[in-house]
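Work through the two exercises below with the model open. Each task is followed by its solution, step by step.

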Amino acid sequence: MKIKLAAALKLLVVMLLGTTLLPLARAAELSIALGADVTSMDPHFHNLTPNNNVAEHIFETLVGKDARSRLKPGLAESWRAIDDLTWEFKLRKGVKFHDGGDFTAQDVVFTLDRVPAVPNSPSSFATYSKQITEKIVVDPYTIRFKTATPYPLMPTDMSTIYIVSARAAKGASAAGAATEDFNNGKATIGTGPFKFVRYAKGDRIELARNDAYWGAKPAWEKVTLRIITTDASRVAALLAGDVRAIENVPTSDLARIAKSNDLSLYRTVSHRLMYLHMDSNRDRTPFVTDKAGKPYDKNPLKDARVRRAISKAINRQALVERVMEGAAVTTGQLMPEGLFGYTSALKAEPYDVDGAKKLLTEAGYPDGFNITLHAPNDRYVNDEQIAQAVAQLLSRAGITVRVDAMPSSVFFSRASKLEFSFLLAGWGADTAEASSPLKALLATFDSAKGMGAANRGRYSNAKMDAMLAQALTIVDDAKRERMLQQATEIVVNDMGIIPLYHQHNLWATRKGVTYAARTDERTLAQEFK
């Protein structure tokens, strides 16, 4: 009897251990469905949020950002302006790269030299390093950056450039290792909380926890970032338990997820601006014709009245309520309320079809014209649906719009080659202040100065350029913000771009997994609990 009882107790213990350990084993693995494709593992190839999001698991920046986009120490423990033209960064000691190599100031120098030399970059990170005229290594853990003029945004800029291992990324060219060497893992050596395991383009990225990480250890030993760009498939994977979290929750599923006992929803207003960009520079533009289909000798989009007419013809509130299902806020400027550079002087353009028609008539287009709106169909929440809705709204003002939506990998490459006349895109203000979209989207294109890197309409306004250049030398935050507000007012009133709305960032998880919603859209495995 005692033998049978002992055996039964032993079996019970095994069963209890089994039911306890299996969930724990599963808990050490996290699978997340990403909503947008990743074009490369090279952290300097393409300044694109999905790429940067993945890079942040493997690589780190000198300066970090918290969930509200506020600066915090990263690979640099501290920083200070020594004088008007010199910034000093004190680097964190004892940090190891994934291959065991020490992180030092030489890796920072190598990284900053590599950034502008990466070939065929659709959107370069060079805009964040161009201000540096000299890099001085004081000692292995102290580096100084010289600038030609006072530059208050150095710490902010250093929160955008991911540091790579000089030893792992050395190569024959100025750019060091080729982008393909990062895609295949040869050069994908960072200091971040996860190590690179595998990149299957268009499918997944596999990561393993970096147990030698200097900071807080992630809860997950293994992470799989699955690329599922189709909304329905992403939600289905969550419901089936194939993944434990998803980003870019489809707005059509918000109500169902909110009511589910098995799922949790997380949201916050993003500083991502959804906007329309127009070819306002060339005398002739490829995708605009008269109503008979004949190309114009003169580009209508060069006329600010035409650009304003397009803005007036768009019912932003309808886009937010009907297409975005409430998961956005209308805007008439670059930053959402509460962030640096927001100005109360700019409101969302009122919907006014009659006003749009009047402006078109004044500009010499009483019957409107034909135009193609190019857009991605897998990058932003409801991107193709928004493009179609914009087309319908513009038709009421006499502008006939054909929508040409395509995968983001194709869209951004073509847009950067200036192949389009009219496009829908989004910009996440990576520096969380108005200088980011002003520099990238609206400053006159100048690769040498790192300006206008994403100015795909080649808009140019000398007055704004001068004001922005001055603002970027002002260390006093209040004075700089006012100047950025004035620069924003200039370009928005001139319709350099047409702001539409700031979208909500949305995540959903299975019960037992939580996430702190971030304004910068980052979906970081290390922050899931």
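A crossing is left-handed if the near helix is turned anticlockwise from the far one by less than a right angle, and right-handed if clockwise. Keep in mind that the model is predicted.

**Exercise 1. Describe how helix H14 packs on helix H16.**

Solution. 
1. Locate the helices. H14 covers residues 435–442, and H16 covers residues 477–493.
2. Take the geometry. The axes lie 10 Å apart, at an angle of about 40 degrees.
3. Classify the angle. Angles under 35 degrees count as roughly parallel, and 65 to 115 as roughly perpendicular. H14 is therefore oblique to H16.
4. Assign the hand. The crossing of H14 past H16 is left-handed.
5. List the contact. H14 brings Ser-435, Leu-438 and Leu-442. H16 meets them with Leu-484, Ala-487, Thr-488 and Val-491.
6. Sort these residues by class. The contact of H14 with H16 has 5 nonpolar residues, 2 polar and no charged.

**Exercise 2. Characterise the largest pocket and its lining.**

Solution. 
1. Start with volume. The largest pocket holds about 540 Å³ of space.
2. Find the centre. The lining has 29 residues, and the closest to the pocket centre are Glu-60, Lys-72, Tyr-213, Gln-526 and Glu-527.
3. Strand S2 (63–65) and strand S3 (71–73) are the elements that give two or more residues. S2 has the largest share, with 3 residues.
4. Sort the lining by class. It divides into 13 nonpolar, 10 charged and 6 polar residues.

Notes
Residues are numbered from 1 along each chain as its sequence is written. This is a predicted model: local features need pLDDT of at least 70, side-chain atom pairs count only at pLDDT 80 or more; totals for chains, interfaces and linings use all residues. Side-chain values use heavy atoms; hydrogens and water are left out. On a 1 Å grid over the protein atoms alone, a cavity is a set of points where a 1.4 Å probe fits but cannot get out, and a pocket is an open set with protein on both sides within 12 Å along at least five of seven lines; lining residues have an atom within 4 Å of a point. Grid points are joined across faces, edges and corners, and a volume is the space filled by probe spheres set on the points. Helices (H or I, at least four residues) and strands (E, at least two) are DSSP runs, numbered from the N terminus. Ala, Val, Leu, Ile, Met, Phe, Trp, Tyr, Cys and Pro count as nonpolar, Asp, Glu, Lys and Arg as charged, and the others, Gly among them, as polar. Axes are lines fitted to C-alpha atoms, for helices over the stretch in contact, and angles run from 0 to 180 degrees between N-to-C directions. Angles under 35 degrees count as roughly parallel, over 145 as roughly antiparallel, 65 to 115 as roughly perpendicular and the rest as oblique. Contact means heavy atoms within 4.5 Å.
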